[in-house]
Amino acid sequence: MTLSTPRRRRRKLYDSNPWGLSPAVERALDAVCQAGSNKGAARLLGLEHVTVSDHMKSAKRAIGAKGTRLQTLLVWDRWRQRQKVGAA
């Protein structure tokens, strides 16, 4: 009789950005950049502000921003702007 070890859930990585962020996190980052706050982004997206805050936390962790959420937003916005210029 062999005992199997429990499988760990694999995190699905998305290839639409270099950090593997989900589309929901991408939408939250875009909305926070546009609205300027988690609450404003939540209103734009029709979500609870806590959900947007959770998306921001996971983005900060994935991007590797060690500073404030502003650093996370700057990295995201600069990457997004480069994508727009490259697509044009």
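Helices here are DSSP runs of H or I with at least four residues, strands are E runs of at least two, and both are numbered from the N terminus. We're working on a predicted model, where local features need pLDDT of at least 70, side-chain atom pairs count only at pLDDT 80 or more, and totals for chains, interfaces and linings use all residues. Residues are numbered from 1 along each chain as its sequence is written, and side-chain values use heavy atoms, with hydrogens and water left out.

**Exercise 1.** Work out how many helices and strands the chain has, and the order of its elements.

Solution. Step 1: the tally is four helices and zero strands. Step 2: reading from the N terminus, you get α-α-α-α.

**Exercise 2.** Find the residues of α2 that are buried, and what they pack against.

Solution. Step 2: in α2, Asn 38, Gly 40, Ala 41 and Ala 42 are the buried ones. Step 3: contact means heavy atoms within 4.5 Å, and the buried residues of α2 pack against α1 (23-35), α3 (49-63) and α4 (69-87). Step 4: now check Leu 45, which also sits in α2 (residues 38-45). Leu 45 has 31% relative accessibility, so it counts as partly exposed.

**Exercise 3.** Describe how Trp 19, Trp 76 and Trp 79 are linked by ring pairs.

Solution. Step 1: rings of Phe, Tyr and Trp (its six-membered ring) pair if their centres lie within 6.5 Å; planes under 30 degrees apart are stacked, over 60 edge-to-face, and the rest tilted. Step 2: that rule gives three aromatic pairs. Step 3: one of them joins Trp 19 and Trp 79 edge-to-face, at 5.7 Å centre to centre with 70° between the planes. This pair bridges distant parts of the chain, since Trp 19 belongs to the segment before α1 and Trp 79 to helix α4, 60 residues apart. Step 4: Trp 19 is partly exposed because its relative accessibility is 21%, while Trp 79, at 10%, is buried. Step 5: Trp 76 and Trp 79 make a tilted pair, 5.2 Å centre to centre and 40° between the planes. Both lie in α4, three residues apart, or about one turn of the helix.

Notes:
Buried < 20%, exposed > 50% of the residue type's maximum accessible area, 1.4 Å probe, protein only.
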